[in-house]
Amino acid sequence: MNRIATALIAGFIALMLLSSTVFIVDQRKYAIVFALGEVKQVISEPGLHFKLPPPFQNVLYLDKRILTIESPEADRFITAEKKNILVDAFVKWRIIEPRLYFVSFGGDEGRARDRLGQIVKAALNDEITKRTVREVISGERGKVMEAIRTKVVAEANLIGVEIVDVRLKRVDYVEQINNSVYDRMKSERVRVANELRSTGSADSEKIRADADKQRTVILAEAYSDAEKIRGEGDAKASQTYAEAFGKNPEFYKFYRSLEAYRATFKTHGDVMVIDSSSDFFKYFKNSGAAAGAKK
């Protein structure tokens, strides 16, 4: 019985020793084998591997995948025109030199994130202080990101990290500047509206003046045509009268006298003192004589 127990204990110890010498490397991980704090081997291929049991050798795993660093809040920077802006950026990175990365941070990912965050912030500060707000927001945003990426890549390589991408998620004014910017935008819109309103009013006056001018010209031309037609009509009438009365001058004199009688005796209350033998009553006399002769 003691032999069986001893065998079981020995087998268990052997199994424990064997398990401590075998380790599996995932395809998403790096494995660093080190002895007493000194790196002995870096394994990047996935599969089953062997090492000496602890404390002779230990294994540390590092992430192979692309990782992301995002700022918990936007950082404040000062532009070339001394204006404060808030910039929110993110970085895509991964470990490419596990040994150098381990030496730099002891395998602590938190320290690596802090260091990369400082590098990115310094690069952002260097580039933004050279440019205006307009250039950072829209004009040269692509150039800003490329310049930041170049600087970050150079420093990240020194700590065993590859920078896959750097992006500016948001660039905005601080709250105080936002209010002044909105006020300035409002003033600009009001100015443009007033200019358009003034231009419209001037065009309206111009159109109205042109219409009044055309109306005056049309009325003048119409009056001129009317007077011309009236004159032609009067001339034609005078010609017709002259031709008609020229054939019998006596009848013309008689007709004109009748017109004078009609105009003179139109109102029954009028009183006229005229010599009855005057030429005015010539046809009254002749008319009576003619009537008596007819009888």
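**Helix 2**

I started with what the buried residues of helix 2 pack against: strand 2 (29–35), strand 3 (38–43), strand 5 (58–63), strand 8 (84–95), helix 3 and strand 9 (161–173). A reminder to myself that I am working on a predicted model.

Which residues of helix 2 are buried? I looked through residues 98–105 and got P98, Y101, F102 and F105. Looking down the axis of helix 2, I found these buried residues within an arc of 100 degrees, so they line one face of the helix.

**Helix 2 against helix 3**

Next I took the pair formed by helix 2 and helix 3. Their axes come within 9 Å and cross at roughly 90 degrees. I therefore put helix 2 down as roughly perpendicular to helix 3.

Which residues meet here? From helix 2 I listed Y101, S104 and F105, and from helix 3 E109, R111, A112 and R115. Sorted by class, this contact has three nonpolar, one polar and three charged residues. Y101 and F105 were already on my list of buried residues in helix 2.

**Helix 3 against helix 5**

I then followed helix 3 (residues 109–128) to helix 5 (residues 141–156), where the two pack at an angle of about 140 degrees. Their axes are 9 Å apart. Parallel, antiparallel or oblique? The cut-off for roughly antiparallel is over 145 degrees, so helix 3 and helix 5 go down as oblique to each other. I noted the handedness of the crossing too, and it is right-handed.

For the contact itself, helix 3 brings R115, L116, I119, V120, A123, L124, D126 and E127. Helix 5 answers with V144, A147, I148, K151, V152, E155 and A156. By class I have 10 nonpolar and five charged residues in this contact, and no polar ones. R115 turns up here against helix 5, and it was also on the helix 3 side of the contact with helix 2.

T21 belongs to helix 1 (residues 2–21). Buried or exposed? Its relative accessibility is 15%, so I count T21 as buried. Not counting residues up to four places away in sequence, T21 touches H49, F50, K51, L52 and P53.

I24 is in strand 1 (residues 22–25). With 61% relative accessibility, I24 counts as exposed. Leaving aside neighbours within four places, I found I24 in contact with G47, L48 and Y61. For L48 I also looked up the C-alpha separation from I24, which is 4.6 Å, although the two are 24 residues apart along the chain.

K29 lies in strand 2. I have K29 as partly exposed, at a relative accessible area of 28%. From K29 to P46, 17 residues along the chain, the C-alpha atoms are 7.9 Å apart.

**Whole chain**

Last, the overall tallies. I count eight helices and nine strands in the protein chain. The chain has 295 residues, of which 23% count as buried. Among contacts between residues at least 6 apart in sequence, 63% join residues at least 24 apart.

Definitions and conventions:
Residues are numbered from 1 along each chain as its sequence is written. This is a predicted model: local features need pLDDT of at least 70, side-chain atom pairs count only at pLDDT 80 or more; totals for chains, interfaces and linings use all residues. Side-chain values use heavy atoms; hydrogens and water are left out. Axes are lines fitted to C-alpha atoms, for helices over the stretch in contact, and angles run from 0 to 180 degrees between N-to-C directions. Helices (H or I, at least four residues) and strands (E, at least two) are DSSP runs, numbered from the N terminus. Angles under 35 degrees count as roughly parallel, over 145 as roughly antiparallel, 65 to 115 as roughly perpendicular and the rest as oblique. A crossing is left-handed if the near helix is turned anticlockwise from the far one by less than a right angle, and right-handed if clockwise. Contact means heavy atoms within 4.5 Å. Ala, Val, Leu, Ile, Met, Phe, Trp, Tyr, Cys and Pro count as nonpolar, Asp, Glu, Lys and Arg as charged, and the others, Gly among them, as polar. Buried means under 20% relative accessible area, exposed over 50%, partly exposed in between (1.4 Å probe, protein chains only). The arc is that of the directions from the helix axis to the C-beta atoms.
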